[in-house]
Amino acid sequence: RLRAPFAGVIGRRLADPGDMAAAGMPVAALLQLDPARITVGVPEGEIGKVRAGMRARVRIPALEGREFEGTVELVGYAADPASRTFPVRIRAANPGYVLRAGMVAEAEIETDRQARL
């Protein structure tokens, strides 16, 4: 019997029942889905307008455009080399775990001037 340090779900099982596990070997990947943490890429020209604590609206196309209210939790300092965007993490309530890891998200962050991401 294993206990998780937080409420969540098993996102991926890394060992089967009856397998031998060495000390420190992961047996499952745990996901904390509520609150959800959504990471969006912000272009270089917009990143200077974004700060932690700002309100955000997150839209999920796969959920028929359903919107979730959130707050900017973290603004990254290094651009992703492939997309040349800066990571911004938004924290949003996720009742019923409808937001799932890996979903595509669109976000609007309320800045002095509206930034659409």
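## A tour of the predicted model

Begin by selecting K49 and E46, whose side chains meet in a salt bridge at 3.1 Å, N to O, a salt bridge being a side-chain nitrogen of Lys or Arg within 4 Å of a carboxyl oxygen of Asp or Glu. K49 is partly exposed, with a relative accessible area of 21%, and E46, at 22%, is partly exposed too (buried means under 20% relative accessible area, exposed over 50%, partly exposed in between, with a 1.4 Å probe and protein chains only). Then select R57, R59, E67, E106, E108 and E110, which salt bridges with shared partners join into one network; the structure holds twelve salt bridges.

This is a predicted model, in which local features need pLDDT of at least 70 and side-chain atom pairs count only at pLDDT 80 or more, while totals for chains, interfaces and linings use all residues. Residues are numbered from 1 along each chain as its sequence is written, and side-chain values use heavy atoms, with hydrogens and water left out.

Next, select R37 and E73, a salt bridge whose closest N and O atoms are 3.0 Å apart. This pair links distant parts of the chain, with R37 in strand β3 and E73 in strand β5, 36 residues apart (strands are DSSP runs of E, at least two residues, numbered from the N terminus). R37 is partly exposed at 37% relative accessibility, and E73 is partly exposed at 26%.

From there, move to I90, which, leaving aside neighbours within four places in sequence, is in contact (heavy atoms within 4.5 Å) with residues including R37, E73, I38, V72 and I109. I90 is also among the residues that touch the most other members of the largest nonpolar core, which has 20 residues; such a core is a set of buried Ala, Val, Leu, Ile, Met, Phe, Trp, Tyr and Cys residues joined through side-chain atoms within 4.5 Å. Strands β3, β4, β5, β6 and β7 each supply at least two residues of this core.

Now select A29 in strand β2, residues 28-31, which is partly exposed at 22% relative accessibility and has I10 among its contacts beyond four places in sequence. I10 itself is found in strand β1, residues 9-13, and is exposed, with a relative accessible area of 57%.

Finally, colour the chain by pLDDT, the predictor's confidence in each residue, from 0 to 100. The mean is 87, and 96% of residues reach 70 or more, with confidence highest in β6, at 96, and lowest in strand β8 (residues 115-116), at a mean of 53. Where pLDDT is low, the predicted coordinates should not be read in detail.

Key:
Helix = DSSP H or I, 4+ residues; strand = E, 2+ residues; numbered from the N terminus.
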